[in-house]
Amino acid sequence: MFTRFRRKRLNPKLRDLLQETHVRVDDFIYPLFIKSGEGIKNEVASMPGVFQMSIDEIIKECATLKELGIYSIILFGIPDIKDSVGSDALCEHGIIASAIKEIKKAHPDMFVVTDLCFCEYTDHGHCGVLDPILETVDNDITLDNLAKQAVIHAKAGADMIAPSGMMDGMITAIRDGLDMVGYSHIPIMSYSTKFSSAYYGPFRDVAESAPSFGDRRSYQMNPANRKEAILESLEDEKEGADILMVKPALAYMDIIRDIKENSMLPLAVYNVSGEYSMLKMASKAGVIDYDRVMMETMIGFKRAGADIIISYHAKEVAKLLNN
Ligand code: PBG
Ligand code: ZN
């Protein structure tokens with residue numbers, strides 16, 4: 001007997017009518033990695049389909065993205081020269097400032113988000129200035145630098161700033177820094193609940209940002225902590241964040257739901273490098289139907305409570321949604 005559940009699943013049109021959760025191209029932000037030089041497009045072995053690109057190649061890539069309907073990108077800079085403070089990130093002519101200017105000039109209709117952190121720019125690979133005694137990042141000196149870095153991004157033309165360093169008080173510092181010089185209209189999307197995760201492994205190859213000693217456990221969160229995860233995001237809301245984030249995504253679906261239910265702010269999830277590479281490698285090994293597993297994963301993020309998905313899969317998802 002076909003009763004209340006199965007009779008609603010018989011007809012594909014009715015299945016469509018009853019679908020509760022949807023993935024749209026507009027849900028996505030696509031990450032891009034920028035290196036200096038010209039004509040550079042290096043594929044990263046651990047992340048097939050992801051490239052380090054020079055600005056001219058990024059500009060071509062933006063045209064491709066727009067054809068697919070993707071108008072939002074998040075930028076990561078890979079500077080030529082790294083030092084103890086990450087000076088390239090604080091310079092108006094640094095890699096990221098130059099990239100923002102060129103991209104906005106060529107593609108004024110692109111929504112340009114910038115990742116705000118120091119790990120790609122420091123020679124030690126940590127997310128800020130080091131405290132020599134504690135041998136980890138000095139919180140408050142880093143806050144001053146984050147505010148400066150945010151202003152550099154905003155001046156260059158960034159549309160939204162996304163601080164990812166997990167410093168205490170970072171949203172207050174960045175908001176004040178931006179407001180003081182006339183950028184109160186620039187929203188902040190905080191990496192508000194970011195775990196210390198082994199899923200970031202492949203990203204550190206692309207961004208050349210692996211810490212040279214130790215790890216990030218004194219600033220990123222312990223994956224085991226749920227209450228602290230909610231508090232971290234609520235704190236950023238209090239400090240004035242406009243959008244919250246959970247990162248990584250796949251192993252943290254419960255946290256996505258928890259934060260969605262504890263805050264009225266829009267919520268982003270970062271479908272990180274290791275999550276992407278797992279699907280790629282499983283597909284190469286012939287053990288999964290890649291497209292279907294990818295779409296099921298995206299639907300899962302939305303169902304869990306995500307409004308925005310930052311993903312290396314964005315182009316592939318767009319292709320599937322478009323046809
Ligand atoms: C920088 C940053 C990281 C990611 C985004 N911004 C790496 C890290 O914290 O080590 C990870 C993204 C990914 O794995 O795709 N703080
Ligand atoms: Zn960092």
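**Ligand 1 and the cysteines**

Guide: By class, the shell around ligand 1 has nine nonpolar, three polar and five charged residues. Nonpolar covers Ala, Val, Leu, Ile, Met, Phe, Trp, Tyr, Cys and Pro; charged covers Asp, Glu, Lys and Arg; polar covers the others, Gly among them. This is a predicted model: local features need pLDDT of at least 70, side-chain atom pairs count only at pLDDT 80 or more, and totals for chains, interfaces and linings use all residues. Side-chain values use heavy atoms, without hydrogens and water.

Visitor: Which residues are the closest to ligand 1?

Guide: Lys-194, Arg-204, Lys-247, Ser-273 and Tyr-312 are the closest of the 17 that surround ligand 1. A residue counts as near if one of its heavy atoms lies within 4 Å.

Visitor: What makes the pair between Tyr-312 and ligand 1 a polar contact?

Guide: The term needs a pair of N or O atoms within 3.5 Å. A polar side-chain atom of Tyr-312 lies 2.6 Å from an oxygen atom of ligand 1. For Arg-216 the distance to a ligand oxygen is 3.0 Å.

Visitor: Why is Cys-62 called buried?

Guide: Its relative accessible area is 0%. Buried means under 20%, exposed over 50%, partly exposed in between, with a 1.4 Å probe and protein chains only. Cys-62 is therefore buried. Cys-91, at 31%, is therefore partly exposed.

How values were computed: Residues are numbered from 1 along each chain as its sequence is written. Chains are lettered from A and ligands numbered from 1 in the order in which they are written. A polar contact is a pair of N or O atoms within 3.5 Å; within protein, one must be able to donate a hydrogen and the other to accept it, and residues adjacent in sequence count only if both atoms are side-chain atoms.
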